[in-house]
Amino acid sequence: MDIKSMRNYLYWLYCQFELITCSYLMEPWEKLLFYTFNITMLVTVLYTAYIFVPVHINTAFQFFLQLFGNQHENTVSIVK
């Protein structure tokens, strides 16, 4: 794929995005607010997923390990 066709493809995607969101009808200052809000929300969701999803996956993994019998030993050992 050459640079010109890639540029045309990205422009086509941008036009599709404007058609889907109807942002082509907005004034330039409205577009700026709209895109700023959407990008801020996207970054917030990605950051939250990056921070919290691994913790939840680890907790679920530990829960299912305990549920299916692969339990951790107690920290207090029983001396016979």
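Helices (H or I, at least four residues) and strands (E, at least two) are DSSP runs, numbered from the N terminus. By that rule the protein chain has two helices and zero strands. The model is predicted: local features need pLDDT of at least 70, side-chain atom pairs count only at pLDDT 80 or more, and totals for chains, interfaces and linings use all residues. Residues are numbered from 1 along each chain as its sequence is written, and side-chain values use heavy atoms, with hydrogens and water left out.

**Surface and burial**

- The accessible surface of the protein chain is about 7,800 Å², and carbon and sulfur atoms hold 70% of it; areas come from the Shrake-Rupley method with a 1.4 Å probe, and for residues only the protein chains shown count as cover.
- Of the 80 residues in the protein chain, 5% are buried; buried means under 20% relative accessible area, exposed over 50%, and partly exposed in between (1.4 Å probe, protein chains only).
- Met 6, Tyr 9, Leu 10, Trp 12 and Leu 13 make a nonpolar surface patch of about 490 Å².
- Patches are made of residues with over 30% relative accessible area and no salt bridge, with like charges joined within 9 Å and nonpolar side chains (Val, Leu, Ile, Met, Phe, Trp, Tyr) within 5 Å.

**Loop between α1 and α2**

- Cys 22 lies in the loop between α1 and α2.
- The phi angle of Cys 22 is near 60°, a positive value in a residue other than glycine.
- Cys 22 has 39% relative accessibility and therefore counts as partly exposed.
- Ser 23 is in the loop between α1 and α2 as well, and its relative accessibility is 0%, so Ser 23 counts as buried.
- The side chains of Ser 23 and Thr 21 are joined by a polar contact of 3.1 Å.
- A polar contact is a pair of N or O atoms within 3.5 Å; within protein, one must be able to donate a hydrogen and the other to accept it, and residues adjacent in sequence count only if both atoms are side-chain atoms.

**Salt bridge**

- One salt bridge is found in a search of the whole structure, the term meaning a side-chain nitrogen of Lys or Arg within 4 Å of a carboxyl oxygen of Asp or Glu.
- Its partners are the side chains of Glu 18 and Lys 31, at 2.8 Å from N to O.
- The pair links distant parts of the chain, 13 residues apart: Glu 18 is in helix α1 (residues 3–21) and Lys 31 in helix α2 (residues 28–67).
- Glu 18 counts as buried because its relative accessibility is 10%.

**Aromatic pairs**

- The whole structure holds four aromatic pairs.
- Among them, Phe 34 and Tyr 35 have ring centres 5.7 Å apart and planes at 50°, so this pair is tilted.
- Rings of Phe, Tyr and Trp (its six-membered ring) pair if their centres lie within 6.5 Å; planes under 30 degrees apart count as stacked, over 60 as edge-to-face and the rest as tilted.
- Phe 34 is partly exposed at 23% relative accessibility, whereas Tyr 35 is buried at 19%.
- Phe 63 and Phe 64 form an edge-to-face pair, at 5.3 Å centre to centre and 65° between the planes.
- Phe 63 is partly exposed at 46% relative accessible area, and Phe 64 is partly exposed at 43% relative accessibility.
- One aromatic cluster is formed by Phe 17, Phe 34 and Tyr 35.

**Annotated span**

- An unreviewed UniProt entry annotates residues 32–53 as "transmembrane region"; positions are given in the numbering used here, feature names are shortened, and annotations may be inferred rather than shown by experiment.
- In the model, residues 32–53 are 100% helix and 0% strand, with the end C-alpha atoms 31 Å apart.
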